[in-house]
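Q: Could you walk me through reading this structure, one feature at a time? I would like the general idea each time, and then the case at hand.

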Amino acid sequence: MRDHSMLDGFIRRRKAAVISLTLVLAAGLCLAAAGAGAREKALAEVRGFTDRFNETYESNDLKAYWEFYADDMTQYWEEGRLDIRDYRKYWEKQLADGNKIVEVKTADPVFHISPENDAAVAAYRIYTKMLRPDGTTAESWHQETDVLFKRNGRWQVVHLHDSPAPAEK
């Protein structure tokens, strides 16, 4: 009888261990799936943000365009480093002088999302065509990298790097 009760106890403990391990693994899988879901959601948000950002740039709607930027944004161009105040002055002067963006398209996007899903990098090539006041156009391909932070539930550009793209081979 004693051997039988020892065997029953062993089987019960073994079943409990298997059930516990199964529950731990299931919880881990749920957490991993939730993390992957959050990452996919952040990636979709950043892709959408980047599309809207460049569509707004193309529309020449400066009021809407500035909403994409954080107040502490910095930027590097061929001309050097600009902060948001300098960049605003530059674009307001461009439009006041009669320059207008007439086409924007992007290519070869690459996106990186932080482990906490609250920071991202969007890197891509960007084509712009600008109409000058004299009726001529200027066209160029550049390489752009946008660094985004999600603050107060909203993505914003905190840093942008822009440089001319090399000529295609």
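Q: Is lysine 150 buried, partly exposed or exposed?
A: Start with the scale: buried is under 20% relative accessible area, exposed is over 50%, and partly exposed lies in between (1.4 Å probe, protein chains only). Lysine 150 has a relative accessible area of 27%, so this residue is partly exposed. Bear in mind that this is a predicted model, where local features need pLDDT of at least 70 and side-chain atom pairs count only at pLDDT 80 or more, while totals for chains, interfaces and linings use all residues. Residues are numbered from 1 along each chain as its sequence is written, and side-chain values use heavy atoms, with hydrogens and water left out.

Q: Which residue forms a salt bridge with lysine 150?
A: Side chains of opposite charge can pair when their charged atoms come close. The rule here asks for a side-chain nitrogen of Lys or Arg within 4 Å of a carboxyl oxygen of Asp or Glu. For lysine 150 the partner is glutamate 45, with 2.8 Å between the closest N and O atoms. Helices (H or I, at least four residues) and strands (E, at least two) are DSSP runs, numbered from the N terminus.

Q: Which residues are linked with Lys150 in a network of salt bridges?
A: Lys41 and Glu45 share that network with Lys150.

Q: How many salt bridges does the rule give?
A: The count is 9. One of the pairs is arginine 88 with glutamate 92, at 3.9 Å from N to O. These two are 4 residues apart in helix H3, so about one helical turn separates them. Arginine 88 is partly exposed at 35%, and glutamate 92 is partly exposed at 38%. Another pair is lysine 93 with aspartate 97, at 2.6 Å from N to O; aspartate 97 is partly exposed, with 40% relative accessibility.

Q: Which residues have the most contacts inside the largest nonpolar core?
A: In soluble globular proteins, nonpolar side chains tend to be buried together. A nonpolar core is a set of buried Ala, Val, Leu, Ile, Met, Phe, Trp, Tyr and Cys residues joined through side-chain atoms within 4.5 Å. The largest one here holds 30 residues, and Phe53, Tyr65, Trp66, Tyr69, Tyr87, Trp91 and Val157 have the most contacts inside it. Among the elements that give two or more residues to this core are helix H1 (2–59), E1, helix H3 (84–96) and strand E6 (154–164). H1 gives the most, with 6 residues.

Q: What does valine 157 touch?
A: Contact means heavy atoms within 4.5 Å. Leaving out residues up to four places away in sequence, valine 157 touches Phe49, Phe53, Phe68, Tyr69, Ala70, Met73, Val147 and Leu148.

Q: How do strands E1 and E2 pair?
A: Two strands pair if DSSP finds at least two bridges between them. E1 (residues 69–77) and E2 (residues 80–83) are antiparallel, over 4 bridges. Together E1 and E2 form a hairpin with 2 residues between them, and tryptophan 77 stands opposite glycine 80 in E2.

Q: Where is confidence lowest, and where is it highest?
A: pLDDT is the predictor's confidence in each residue, from 0 to 100. The chain has a mean of 88, and 80% of its residues reach 70 or more. Confidence is lowest in H1, with a mean of 75, and highest in E4, at 98.
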